[in-house]
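Here is a short note to go with your first look at this model. Please keep the structure open as you read through the points.

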Amino acid sequence: MAPTALEKEDYTRDAAFNQAMHGKSAAERAGMMSMLKKDPQAQKAALDEYFKHWDNKSAAEETLETREARRAEYATLTRHYYNLATDLYEYGWGASFHFCRFAYGEPFRQAIARHEHYLAHVMGLRDNMKVLDVGCGVGGPAREIVKFSGVNVVGLNNNDYQIERATKYAEKEGLSHKLSFTKGDFMQMSFPEDTFDAVYAIEATVHAPSLEGIYSQIFRVLKPGGVFGVYEWLMTDNYDNDNPQHREIRLGIEQGDGISNMEKIEVALEAMKAAGFELEIHEDLADRPDPMPWYWPLSGDLRYISTLGDIPTILRMTKIGRGLVHRFVGALEMISLAPKGTQKTADSLALAADCLVAGSEDNDGADKLNAERLLRPASRLLSASKPTSPSIRSAFQRASLPAVVRSRNYATPSGVKEMTVREALNEAMAEEMKQNDKVFILGEEVAQYNGAYKVTKGLLDRFGEKRVIDSPITESGFCGLTVGAALAGLHPVCEFMTFNFAMQAIDQIINSAAKTHYMSGGIQPCNITFRGPNGFASGVAAQHSQDYSAWYGSIPGLKVVCPYSAEDAKGLLKAAIRDPNPVCVLENELLYGLSFPMSEEAQRDDFVLPFGKAKIERQGKDLTMVTLSRCVGQCLVAAEELHKKYGVEVEVINLRSVKPLDVEAIVKSVKKTGHMMAVESGFPSFGVGAELIALTAEYAFDYLDAPPVRITGAEVPTPYAQKLEEMSFPTEQLIVDYAAKLLRV
């Protein structure tokens, strides 16, 4: 819902107030020094204007009219909040006013920057794109994203003081040629339609009185086919407005963070769709299996301090630290070094911190009332120019899920529905467990936590703790246990949090599971399914990015499948659970959240896909691309680009199954096209690509017009550095370049 009328903008009034309250304090180096140079009378005016919405308005007495009054004055409320709080934020937190995830041993500042880099990475921001930062603060994220991706950023902000600070920082870092800041209300942007290649917002649109309103403004200024990525503050489905404790937590967050009206997840999802975006993927980043919770700096938990540089920041966040700051600021007020009301503002921020922690920990049924969410819609087929009819623009354009994927026919249009790969895997296990009492799931965090990637979500509640079992962190132990259960006649599904961790259990997989049937003379089958994420993943470095397709594919007695789409995932996993042999289902975590069409046939509970049968994802006559897993999407993008640029028709074969391999489909295609390219993300030496080329040379050599080529991951442990990581795996452009060279076009 939107307010009856948006606030009237008055730039002259705001500039005059900024000059009166802040004077030249924007030029100060640190937040504390700036804080001490405010005009007391102007500070009091801002204080009165902001806290009139909160003073003597407790959660128990809150009414719809009270909330509506805050929404009606959203712009003034937000502007004065940041007049009061900006210096305290910079002093206590830094120049990037947002939370983030934390990796093991990661310093606070590095984690903040990685959160910003991650958004730029998944949005596909590139050199010289024109990008809008909605609610840019003092420009911390904008500066980081400019340095990371080379884009040109326009920061939008309705607070003159923050714009002055942001401009000063950009000049200091030599980024003024890439960064500019403009004054404005994001609910009534002055930019023309179709201005920006991309738009992002980092914990800023939560200040809007209507999410549909702000998302609609972003839709208007975004070019067709553009990119919108947002970190949003939302309340989870657990929030109950009739629960006094829930209301108190929500109100504390709103007061301490200048939010006129915080919404639930469902409201944001509907708002995104109503604005014109097709929301296909959203993820609660708080659900990621991180070693430290996102809110740990607020909780002041000293156990998580990783570097000496973190100590001052975190100590300020502890209750003792906040108490000392409270007294220190109070003392500064008493001797008139700090203007009256500074202590009240600091206490309000502390209240928000306590409520954020309370709303995110287990708390009397109020578990995770609020959490950061990343809305990541995938791309859709669009014309280059703006269509005359209402258009659907992508809120996150992902090159590995091309338009041709979204539009290809799995079945007749009637009855087709969208399903993510994660949902398809979950449905496959649920159906097999319902039909066969011998099927059970065992692995780390599969039960109480719903799986590290939420693939087993809801299965514990449905089938009970005897069939969905959390294991200790000992891959060799729980893998051996499930192999023993399979040898005893059960049909276990053994989940590895990642197949990188299955290295600890490789003896159980190969020597026990794969070989027992042969060594028993065919008497003893071993019906077990090993599943989990495999291969390339973003930002997890050398020990968590390995592709085991070739490893397991070389072992007699093992069957190995690598699903790409939702239909692949469901059909292959169900076939694996039913197969009397051990099967490795190698999934990819970057595909879990992507949506694909599911035909009526695939929606049935008897749907399975046969092993050893590849799928022709795209028909062609000039070149055969043989690929698997995530690389299927990359090949489809490359095939479309080759068609547009050179008129080349590429046939893309999704292997689905590595062992057994559909050699017949490959040979048949090569006979037609005369050219062959293998694309995979594993290491080049002795890999799947090498095997594909060897088989092509062995069975289709006479039909080749040129030597076959392969594109693989690099012969290097996967780097952590972003740019080096990008160079370590196949890209769409690399595939296009190699194909053009092969075809001599």
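This is a predicted model: local features need pLDDT of at least 70, side-chain atom pairs count only at pLDDT 80 or more; totals for chains, interfaces and linings use all residues.

1. A word to start with: two residues are in contact when heavy atoms of theirs lie within 4.5 Å. By that rule V650 touches R618, Q619, G620, L623, M625, A639 and L642, leaving aside residues up to four places away in sequence.

2. Residues are numbered from 1 along each chain as its sequence is written, and side-chain values use heavy atoms, without hydrogens and water.

3. The domain assignment, automatic or from a database, gives domain 1 (91-360), domain 2 (417-603) and domain 3 (615-743). The C-alpha centres of domain 1 and domain 2 are 38 Å apart.

4. How many residues of domain 1 and domain 2 are in contact? Seven residues of domain 1 meet nine of domain 2.

5. Now to the nonpolar cores: sets of buried (under 20% relative accessible area, 1.4 Å probe, protein chains only) Ala, Val, Leu, Ile, Met, Phe, Trp, Tyr and Cys residues joined through side-chain atoms within 4.5 Å. The largest has 62 residues, and V650 is among those with the most contacts inside it, as are M429 and I735. Domain 2 and domain 3 each supply at least three residues to this core.

Conventions:
Buried means under 20% relative accessible area, exposed over 50%, partly exposed in between (1.4 Å probe, protein chains only).
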